[in-house]
Amino acid sequence: MIGLIGHVTSSLAHAGPLVRLLVTVVIMLVSAMVVLAVALLYEGAATYAERKVAGDIQARIGPNRVGPYGLLQFVADGVKLLIKEDIIPFYADRWLFIGAPYIVFTASFAAFVPLSYSEHVSVADLNVGVLYVVAISSVVSMAILMGAWGSNNKWSLFGGMRAVAQIISYEIPIVLSLLAAVILPASLDMKDIIVYQSGGLGIFRWLVFNNPFTFLSFFVYFIAAIAEVNRTPFDIPEAESEIVAGYHTEYTGMRFAFFFMAEYGDMFVVSAIATTLFLGGWQVPIIGGLSMPVWLREVLEVAVFFAKVFLLIYVMMWIRWTLPRLRVDQLMDLCWKYLTPIAFFNLVGASVWVLLLHGRGVYDLVAGLLIH
Amino acid sequence: MSMDASAVHALFFYFFAAMTIVSALLVVLLRNIVRSAFSLFFTLFGVAGVYILLGADFVGVAQVLIYIGGVMILIVFGVMLTHNSYSVDMFNRLGTLVMGTVSAIVTFTIVYYSIRQVPWLLSGYKANVPTTQPIGVQLLTNYLLPFELASVLLVFAMVGAAYLIRSEVRPGKERAGGSERKDA
């Protein structure tokens with residue numbers, strides 16, 4: 001998208017600076033709107049999918065009244081949330097209470113920006129893409145604390161404290177596992193990382209298969225990522241049997257919906273990061289090496305990317321409706337006594353592997369043996 | 001983007017500059033200590049935006065990660081644990097007001113003159129120039145000693161924190177808290 005801005009503005013070189021400014025701002029706004037529209041549509045579909053998956057796993061039916069197969073249920077829910085009464089508790093800190101949902105949603109939405117959806121489809125190709133997503137996700141924890149404090153409710157405050165403790169703790173295994181993967185492509189740019197994983201039939205050069213350490217890292221990352229987005233079995237910040245609804249207890253209507261959508265947005269982002277870093281991103285398996293028109297390749301790449309992301313999201317839903325919730329101490333034990341040491345081990349192991357074998361993965365070694 | 005982006009660049013610079021200054025003023029002027037702490041978020045975010053406009057993408061993102069994700073949370077927790085933080089009134093007595101004004105003027109003068117003294121390298125706007133790798137190389141070559149010293153300092157802080165919050169272990173007794181945990 002930055003490339004597009006450069007292209008358009010340079011073709012408007014004869015126009016005044018004001019025109020160029022306006023055109024640039026319009027392009028930025030339009031691209032933001034496109035991403036927002038896609039994200040909201042995905043979030044609607046995800047709520048529907050979540051309820052259908054839950055129904056499936058618990059031998060229920062799930063939504064089936066609104067539209068064919070209940071497909072329009074999320075539209076009905078959206079309308080319902082929009083027209084619900086907007087309650088602000090009398091003793092709430094109005095500024096913090098009102099501000100928090102916006103920051104949560106903005107931060108979660110901003111994490112969609114550096115993702116690379118196909119070779120040419122991305123909003124902004126950032127040099128520090130992976131780090132940017134980690135950083136912007138950490139804003140969410142601050143905003144959760146803001147809403148929790150602003151609600152002036154003990155359940156909210158407990159939930160907020162738990163959320164922050166959990167997110168900050170699990171950031172460590174997450175960043176360490178990402179680091180173990182990133183040292184191979186030696187880049188934080190999402191597109192570079194995906195391009196590095198090309199070849200090997202579009203499957204075998206994925207970083208998850210590169211060496212045993214990145215293989216472990218993928219699982220450490222995925223477990224920690226589920227905790228990072230506060231989903232069961234790590235949902236103690238909003239454990240309804242203990243603290244009502246945690247940090248969003250006092251929120252109603254659209255303000256609640258912002259928190260809700262942010263959670264689903266975060267699910268997409270962490271799955272997209274896992275896909276990009278470990279599962280080859282938009283590399284089309286098997287037929288990716290064939291020559292084909294650019295548009296077809298782009299469509300296939302976007303389809304492959306979304307298929308991988310949705311598969312990971314499905315796994316998250318599956319885990320949510322299968323496993324019981326962890327206790328607070330179990331949660332912290334898992335992070336500090338298991339995931340963090342394993343992540344450190346992976347990082348050291350992957351570094352040694354890269355140094356000794358000059359970045360060649362298991363696939364390259366096996367292929368080299370077969371050829372000789 | 002190069003030259004054509006200058007207008008957009010200026011627009012974003014003024015946006016982030018205004019955000020930084022207004023929220024920094026709110027930090028010191030608001031009477032509610034919790035709101036003060038939270039408006040620091042916008043100050044730190046605005047500074048990160050300025051870093052990114054200067055082409056220092058890694059520093060900008062690290063600013064968000066460390067200051068907003070870490071230091072900011074720590075400050076907010078500290079404020080929340082302050083006794084009676086709901087009704088703490090940030091009232092400035094005359095003495096502190098005078099002292100504050102004097103120290104503000106002195107600091108401003110020092111900063112102003114040092115800015116005027118430094119021969120700034122005006123390299124202009126450079127987007128999309130990767131900075132991560134040069135920073136890493138510099139940290140592990142020219143600046144290895146300061147880098148290692150900083151990490152040793154952090155290890156000291158971590159060990160110290162763990163030592164301070166450790167539960168007392170008496171010979172022949174259960175760890176404090178151990179029995180509670182089984183009941184819970």
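Two residues are in contact here if their C-beta atoms, placed from the backbone, lie within 7 Å.

What you see is a predicted model, in which local features need pLDDT of at least 70, side-chain atom pairs count only at pLDDT 80 or more, and totals for chains, interfaces and linings use all residues. Residues are numbered from 1 along each chain as its sequence is written, while chains are lettered from A and ligands numbered from 1 in the order in which they are written.

I'll start with one helix, H5 of chain A. Helices (H or I, at least four residues) and strands (E, at least two) are DSSP runs, numbered from the N terminus. H5(A) covers residues 129-151. The expected span is 1.5 Å times one less than the number of residues.

Now its surroundings. A residue is buried if 20 or more other C-beta atoms lie within 10 Å of its own, exposed if 12 or fewer, and partly exposed in between. In H5(A), 23 of the 23 residues are buried, so the helix is largely enclosed by the rest of the structure.

Which helix of chain B packs on H5(A)? H3(B), residues 57-80, does, with the axes 8 Å apart and an angle of about 20°. Axes are lines fitted to C-alpha atoms, for helices over the stretch in contact, and angles run from 0 to 180 degrees between N-to-C directions. H5(A) and H3(B) are therefore roughly parallel. The cut-offs: under 35 degrees is roughly parallel, over 145 roughly antiparallel, 65 to 115 roughly perpendicular, and the rest oblique. The crossing of H5(A) and H3(B) is left-handed, meaning the near helix is turned anticlockwise from the far one by less than a right angle; clockwise would be right-handed.

Look at the residues. On the H5(A) side they include Leu131(A), Val134(A), Met142(A), Leu145(A) and Trp149(A). On the H3(B) side they include Val61(B), Ile68(B), Gly69(B), Met72(B) and Met80(B). By class, this contact has 17 nonpolar, 3 polar and no charged residues. Nonpolar means Ala, Val, Leu, Ile, Met, Phe, Trp, Tyr, Cys and Pro; charged means Asp, Glu, Lys and Arg; the others, Gly among them, are polar.

Back inside chain A. H4(A), residues 94-110, comes within 8 Å of H5(A), axis to axis, and crosses at roughly 165°. That makes H4(A) roughly antiparallel to H5(A). This crossing is left-handed. Among the residues in contact are Phe97(A), Pro101(A) and Val104(A) of H4(A), with Val140(A), Ala143(A) and Gly147(A) of H5(A). The tally for H4(A) with H5(A) is 15 nonpolar, 6 polar and no charged.

Next, H6(A). The axes of H5(A) and H6(A) come within 8 Å and cross at roughly 175°. So H5(A) is roughly antiparallel to H6(A). Here Ser138(A), Ser141(A) and Leu145(A) are among the H5(A) residues, and Gly160(A), Ile167(A) and Glu171(A) are among those of H6(A). This contact has 14 nonpolar, 6 polar and 1 charged residues.

What follows H5(A)? Just after the helix, Asn152(A) takes a positive phi of about 55°. Asn152(A) sits in the loop between H5 and H6 (154-182) of chain A. With 17 C-beta neighbours inside 10 Å, Asn152(A) counts as partly exposed.

Another residue has a positive phi. Ala59(A) has phi near 55°, and is not a glycine. Its loop runs between H2 (17-57) and H3 (73-83) of chain A. Buried or exposed? Ala59(A) is exposed, with 6 other C-beta atoms within 10 Å.

One more stop in chain A. Leu311(A) is in H11, residues 294-320. Leu311(A) has 12 C-beta neighbours inside 10 Å, so it counts as exposed.

Finally, chain B as a whole. How many helices and strands does chain B have? The count is 7 helices and 0 strands. Of its 184 residues, 18% are buried. Take H6(B), residues 144-164: its 21 residues reach 30 Å, close to the 30 Å expected. H6(B) is hardly covered, with 0 buried residues.
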